[in-house]
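The sequence and structure come first.

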Amino acid sequence: MTPIDEHDGPGTRRLADVGAAVIGTGFIGTVHVEQLRRIGVQVRGILEITPEHGEAKAKALGVARAYPSLEAILADPSVDIVHVTSPNHLHVEQARQILSAGKHVICEKPLAMTSADSAGLVALAAETGLVNAVNFNIRFYPLHQHVRELIADGGLGDPRFVTGHYLQDWLLYDTDWSWRLDTSKNGSLRAVADIGMHWLDLTTFLVGQPVVAVMADMTNFISTRFEPKGAVEAFSTVRSTDTVERKITTEDVASIMLRFANGARGSVVLSQISAGRKNSLQWEIDGSVAAAAWDSETPDHLWLGHRDQANEVLMRNPGLMKPAGRLAAALPAGHVEGFGDTFGAAFRAVYADVVAGRPAERPPYATFADGHYEMLLGEAVAESSRLGRWVDVPGQPKAPR
Ligand code: SOE
């Protein structure tokens, strides 16, 4: 488990001294609050869309206070870091205010709605020297931390072919609704920004190579949906009959071919309308010596493929993983760690830097710079789908042919 408290002498801050505030208490915001408690962080309070809603959620979550505004959070000296889990359209302004107030920040993905906005946040974060993170939590399944080191140590040989999918069915029906279907709150990319960026951040993290060019096809199958009156949480099964018809243009599915900086190739398919796939992320990395593969529905198991010996399944086991895998693990082998645990593991890595007062030289968590790269990648996917040709990712080297 990542040691968080620094022991470099008197006056050193300790995790128990650090205070956090969380903006948003929907499905994911609630996971933030619960996992902060799990790692021993004081959640000073939450902020919701209205003070009344905030009071109700603070009571439900057992959190000390509901702040009336972001300004109130930023004025609270006991808050060192703010978690932004609000809808996408609020991320940039909230993160900007947080950094400008001298507080560290973790922002849910996607970082922004455009790469122009995310570029500004990267510059501000660098200027302030504060800890800045994007919650690509999937990196922090312990076996993913293990695989990154395994590949860096040559365990698969040269990574050559990276494939997989991220499939869900929570938006299969035209009566399914989320603010992610409203481009004014979500931005112009939906499946690609919401789940595609998770898969792309994860695989580029595992391989240690950026995607530098894409060839994509994005499709919308459900162009008319019915928005219920009132708020709806992700994966909610509540169906209102009082609805408003909405025209939808954002992608339900995407097929993306990939070129990596080291010459590796790959492909990924994304969908939020695949019946029976609740939150199914799969990847396979085929190297010159061996292969590895993982399925989010069996997150404690890593498949290892061999040519001249029996294939293997490594069960998450701190005693059998590389150091980074051990640091991310919170439970012994056989006690399965799941989706929520990845938030705690990611936050342990971020809060080690908060206690230190500054970002590490090479943080293991995704920073605003990584979030900005994902914005550029997402925009390249959209442009490729529009033009019907390969598109290079800005700021990246040309892909070896
Ligand atoms: C909905 O697609 C969602 O909640 C995403 O927004 C999360 O990032 C993902 O981890 C689970 O599914």
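## Basis

The model is predicted: local features need pLDDT of at least 70, side-chain atom pairs count only at pLDDT 80 or more, and totals for chains, interfaces and linings use all residues. Residues are numbered from 1 along each chain as its sequence is written, and side-chain values use heavy atoms, with hydrogens and water left out.

On a 1 Å grid over the protein atoms alone, a cavity is a set of points where a 1.4 Å probe fits but cannot get out. A pocket is an open set with protein on both sides within 12 Å along at least five of seven lines, and lining residues have an atom within 4 Å of a point. Grid points are joined across faces, edges and corners, and a volume is the space filled by probe spheres set on the points. Helices (H or I, at least four residues) and strands (E, at least two) are DSSP runs, numbered from the N terminus. Nonpolar means Ala, Val, Leu, Ile, Met, Phe, Trp, Tyr, Cys and Pro; charged means Asp, Glu, Lys and Arg; the others, Gly among them, are polar.

## Largest cavity

The largest holds about 60 Å³ of space and has a lining of 13 residues, with Val134, Asn135, Ala346, Val350 and Tyr365 nearest its centre. Strand S5 (132-134) and helix H10 (339-356) are the elements that give two or more residues to this lining.

With three residues, H10 gives the most to the lining of the largest cavity. By class, that lining has 10 nonpolar residues, two polar and one charged.

## Second largest cavity

The second largest cavity has about 40 Å³ of space. Gln35, Arg38, Ala328, Ala330, Glu337, Asp341, Gly344, Ala345 and Arg348 line it. The lining divides into three nonpolar, two polar and four charged residues.

## Second largest pocket

In class terms, 16 of the lining residues are nonpolar, seven polar and nine charged.

At least two lining residues come from each of helix H6 (142-152), helix H8 (191-207), helix H9 (323-328), H10 and helix H11 (368-387). H10 gives the most to this pocket lining, with four residues.
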